[in-house]
Amino acid sequence: MAAEAHAPTASEYIVRHLQHLQNMPQKAIVDFSVVNIDSLITALVVGFIGLFILWLGARKATSGVPGRFQAAVEILVEMVDTQTKANIKNANSRKFIAPMALTVFVWIFMMNAMDMLPVDLLPAIWTKIYAAMGHDPHHAYLRVVPTADLSTTLGLAVSILLLSLYYSVKIKGAGGWGHELVSAPFGSSKNPLFAVILGLINVTMQIIEYVAKAVSHGMRLFGNMYAGELVFLLIALMGGAAAMSLPGVLLPVGHVIAGSLWAIFHILVITLQAFIFMMLALIYLGQAHEAH
């Protein structure tokens with residue numbers, strides 16, 4: 001006789017929603033062979049949607065009075081271009097960095113915006129598809145917010161770090177950047193012994209600075225989006241706690257009110273986090289163009 005299905009507890013509900021669809025079971029805390037398929041596919045899909053929206057705005061652009069859609073796209077492009085010019089003084093570099101910054105802002109905003117969907121909508125649909133494929137529906141995991149996945153945000157941050165290193169070498173030259181590594185932030189000395197000691201200290205400090213920038217860059221976005229996802233899950237639990245009692249009746253009402261208020265506030269959060277990530281990317285790339 002098959003075991004009867006039981007409603008998940010609050011803990012089981014949250015843990016299930018925080019499980020990734022992966023290519024294989026994870027065997028360690030850090031396992032680079034594991035791929036979070038849900039984050040990867042969702043990021044690619046919303047990325048193509050963002051590209052299509054921008055392409056549509058460019059295709060429908062006219063020299064006359066712009067419509068609402070064209071005006072919104074123009075405001076977005078102008079905002080990114082203004083911030084790029086404020087941080088990147090090299091005009092040749094801006095030809096690549098400005099479109100990159102626009103792409104980063106739109107892409108991260110689109111990924112963040114997945115948090116606005118009902119938390120059980122896409123997972124429920126995927127569970128039915130997964131079961132129809134002949135798999136165990138209890139293992140049909142799906143997380144729909146790529147930026148609530150640390151591997152996604154750190155991957156983006158490392159990409160910005162690599163671009164910073166690239167422009168450091170391109171603008172200053174390999175010799176100039178190498179000299180900067182051993183002479184900043186504490187300077188150098190004419191004494192050979194002190195020069196070696198200061199050089200090692202400076203290189204160590206530079207490495208720490210680069211690593212700290214990348215880690216904090218990715219962790220900031222991840223932390224905010226992960227916290228937002230958890231709040232939505234907790235609000236969703238309120239809606240499932242209906243019972244024939246006064247608290248049980250009031251909880252679904254609180255679910256609607258709290259969910260609406262948090263969703264309105266979260267619109268600001270997802271936009272602000274995309275803007276902050278883009279601005280930090282521009283600041284780090286701008287620093288790569290400057291000499292100590």
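Student: What makes up the secondary structure of the protein, in helices and strands?

Tutor: In this predicted model, the protein has 8 helices and 0 strands. From the N terminus on, its elements read α-α-α-α-α-α-α-α.

Student: How do you know whether the protein is a compact globule or more spread out?

Tutor: Set its radius of gyration, 24 Å, against the 19 Å that the globule rule gives for 292 residues; the value is well over the rule, so the protein is more spread out than a compact globule. Taken along the principal axes, the box filled by its C-alpha atoms is roughly 80 × 60 × 40 Å.

Student: Nice. Why is asparagine 112 called buried?

Tutor: Buried means under 20% relative accessible area, and asparagine 112 has 0% relative accessibility, so it counts as buried. You will find asparagine 112 in helix H4 (residues 91-113). Across the protein, buried residues make up 35% of the 292 residues.

Student: Which residues is asparagine 112 in contact with, leaving aside its neighbours within four places in sequence?

Tutor: They are Thr147, Leu221, Met225, Ile270, Gln273 and Ala274. For the protein as a whole, take the contacts between residues at least 6 apart in sequence: 70% of them join residues at least 24 apart.

Student: How do you know that the peptide bond between alanine 184 and proline 185 is cis?

Tutor: Look at omega: for the bond joining alanine 184 and proline 185 the angle is about 10 degrees, and the bond is cis. Most peptide bonds are trans. Proline 185 belongs to the loop between helix H6 (150-183) and helix H7 (192-239).

Student: How far apart are the mean positions of the positive and negative charges?

Tutor: The 16 positive and 15 negative charges have mean positions 13 Å apart. As for the accessible surface, the protein has about 17100 Å², and 73% of that belongs to carbon and sulfur atoms.

How values were computed:
Residues are numbered from 1 along each chain as its sequence is written. This is a predicted model: local features need pLDDT of at least 70, side-chain atom pairs count only at pLDDT 80 or more; totals for chains, interfaces and linings use all residues. Side-chain values use heavy atoms; hydrogens and water are left out. Helices (H or I, at least four residues) and strands (E, at least two) are DSSP runs, numbered from the N terminus. The radius of gyration is taken over C-alpha atoms; the globule rule is 2.2 Å times the number of residues to the power 0.38. Buried means under 20% relative accessible area, exposed over 50%, partly exposed in between (1.4 Å probe, protein chains only). Contact means heavy atoms within 4.5 Å. Accessible areas come from the Shrake-Rupley method with a 1.4 Å probe; for residues, only the protein chains shown count as cover. Lys and Arg count as positive and Asp and Glu as negative; His and the chain ends are not counted. The place of a charge is taken as NZ of Lys, CZ of Arg, CG of Asp or CD of Glu.
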